[in-house]
Amino acid sequence: MGTELPDDFKCPISLEIMSDPVILSSGHTFDRASIQRWLESGNRTCPITKLLLPAQPSLIPNHALRSLISNYTLSSSPPRSQPCPSPQALLAQLTSPSSTAVAKLDSLRTLHRLSKHNPIFRHQITDSGAVSVILRFVVSADTTLQEAALSVLFYLSLDDDNKVGLVAEGAISGVVAALRTGTDSCRALAATTLTSLAVVEVNKGTIGHHPFAIVALVELLQNGKRRGQREAATAIYTLCSFLENRRRVVRSGAVPVLVQLAGSGVERAVEVLGLLGKCKEGRQEMENFNGFVQTLVEVLKGGSSRSVSHALATLGLVCANSERIYLEAIKEGVWEVSLGLVKDENEKIRRNATTLIHVLQRYRLTG
């Protein structure tokens, strides 16, 4: 008899299992194709909350949920001959003075395996009081134990009911510590965990207010490996729907790093620039960065549809507030490129190209 997939794996719109789950700014997850059809039909509210969405709603890939869905069938319930250990038993193994590092690692990996595919077990873990113990290992000097504990914490954070509770128990400080001092894989996993926690609106401000959270994400963005850079950019993007976090990201020196990453093909970096362009401090940093316009023009000429859409929006914001950038954009051929995009098959590209042309025309008419 096949295992029935959890309802959380189904898109609230199509009621089908999601193949590309994305998070709307309302905090709810939908299959990308379904929510895009909803938005392209002219709807500007969340299908669940009915609250008004931004003019350009962001769709944040829910990598964690997609991984869960794709891997769910690979993991069945434990065999009858091997009963599922209780969280209390695993917790006792973790806290016992006589437990070896190997035994503790085995307990953490068991918690990871069971929490990865079992929402009920995740609730049992949090109800058992194990979170505070897991957080001790998140800051462990033993990087193997640290990564195993981070994995458990990440899967616990997938449940909306847990997100605020984990933050209340001090998860942010532990995750940020791992983000600053962990191995490459630990830092990437820590950034992913912050993204998961930041899906809840109230957590965005709490994470941003932490003295090292955004600084550590920008550092990973700058010197991490490709996976770490991607996860850091996603975390920053999620946090930047909170206005004050945009200013914090700018003050942490993210703009030059993001422009360079945009030039090397990191799609998420262009999307973050689009959010930072909505605040004065972000626009000023972009204006002051030599090569900003040239980089975005290259994105317009060879980037993905999502990158092109966000590059157009970013240029429109900065050009509207800087005559110097307008002149540079004209020199770099932005007018001609934009004209070629107003008939693009992608509705967002068409709209953003049209908006950018209107900005450039305004200068031409008043110049």
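Residues are numbered from 1 along each chain as its sequence is written, and side-chain values use heavy atoms, with hydrogens and water left out. Because the model is predicted, local features need pLDDT of at least 70 and side-chain atom pairs count only at pLDDT 80 or more, while totals for chains, interfaces and linings use all residues.

## Helix pairs

Helices (H or I, at least four residues) and strands (E, at least two) are DSSP runs, numbered from the N terminus. Axes are lines fitted to C-alpha atoms, for helices over the stretch in contact, and angles run from 0 to 180 degrees between N-to-C directions.

| Pair | Axis separation | Angle |
|---|---|---|
| α6 (residues 131–138) and α7 (residues 143–156) | 7 Å | about 140 degrees |
| α9 and α12 | 9 Å | about 30 degrees |
| α16 (residues 267–276) and α19 (residues 305–320) | within 8 Å | roughly 30 degrees |

Angles under 35 degrees count as roughly parallel, over 145 as roughly antiparallel, 65 to 115 as roughly perpendicular and the rest as oblique. A crossing is left-handed if the near helix is turned anticlockwise from the far one by less than a right angle, and right-handed if clockwise. Contact means heavy atoms within 4.5 Å. For residue classes, Ala, Val, Leu, Ile, Met, Phe, Trp, Tyr, Cys and Pro are nonpolar; Asp, Glu, Lys and Arg are charged; the others, Gly among them, are polar.

Take α6 and α7 first. Their axes pack at about 140 degrees, so α6 is oblique to α7. The crossing of α6 past α7 is left-handed. On the α6 side, the contact uses V131, I134, L135, F137 and V138; α7 supplies L145, Q146, A149, L150, V152, L153 and L156. By class, that contact has 11 nonpolar residues, 1 polar and no charged.

Next come α9 and α12. At an angle of about 30 degrees, these two helices are therefore roughly parallel to each other. They cross in a left-handed sense. V176, L179 and R180 of α9 touch A213, A216, L217 and L220 of α12. The class count is 6 nonpolar, no polar and 1 charged.

The pair α16 and α19 crosses at roughly 30 degrees, so α16 is roughly parallel to α19. Again the crossing is left-handed. From α16, the residues are E267, R268, V270, E271, L273 and G274; they meet R306, S307, H310, A311, T314 and L317 in α19. By class, the contact has 4 nonpolar, 4 polar and 4 charged residues.

## Buried helices and a buried position

Buried means under 20% relative accessible area, exposed over 50%, partly exposed in between (1.4 Å probe, protein chains only).

Helix α11 (residues 201–209) has N203, K204, G205, I207 and G208 as its buried residues. Their cover includes α8 (160–168), α9 (171–181), α10 (184–197), α12 (213–223), α13 (226–239) and α14 (243–251).

In α12, the buried residues are A213, I214, A216, L217, V218, L220 and L221. They pack against α9, α10, α11, α13, α14 and α15 (254–263). An α-helix has 3.6 residues a turn, so residues three or four places apart point the same way.

V334 sits in helix α21 (residues 334–341). Its relative accessible area is 0%, so V334 is buried. Neighbours within four places in sequence aside, V334 contacts V297, L315, A329, L356 and L360.

## Positive phi outside glycine

L15 is not a glycine, yet its phi is positive, at about 65 degrees. L15 lies in the segment before β1 (21–23). With 61% relative accessibility, L15 counts as exposed.

K50 also has a positive phi, near 65 degrees, and is a residue other than glycine. K50 belongs to the loop between α1 (32–40) and β3 (60–61). Its relative accessible area of 53% makes K50 exposed.

## Cysteines

How many disulfides does a search of the whole structure find? The count is 0, where a disulfide is a pair of cysteine sulfur atoms within 2.5 Å. For C46, the nearest cysteine sulfur is that of C11, 11 Å away. C46 counts as buried, at 0% relative accessibility. C186 is buried too, at 0%.
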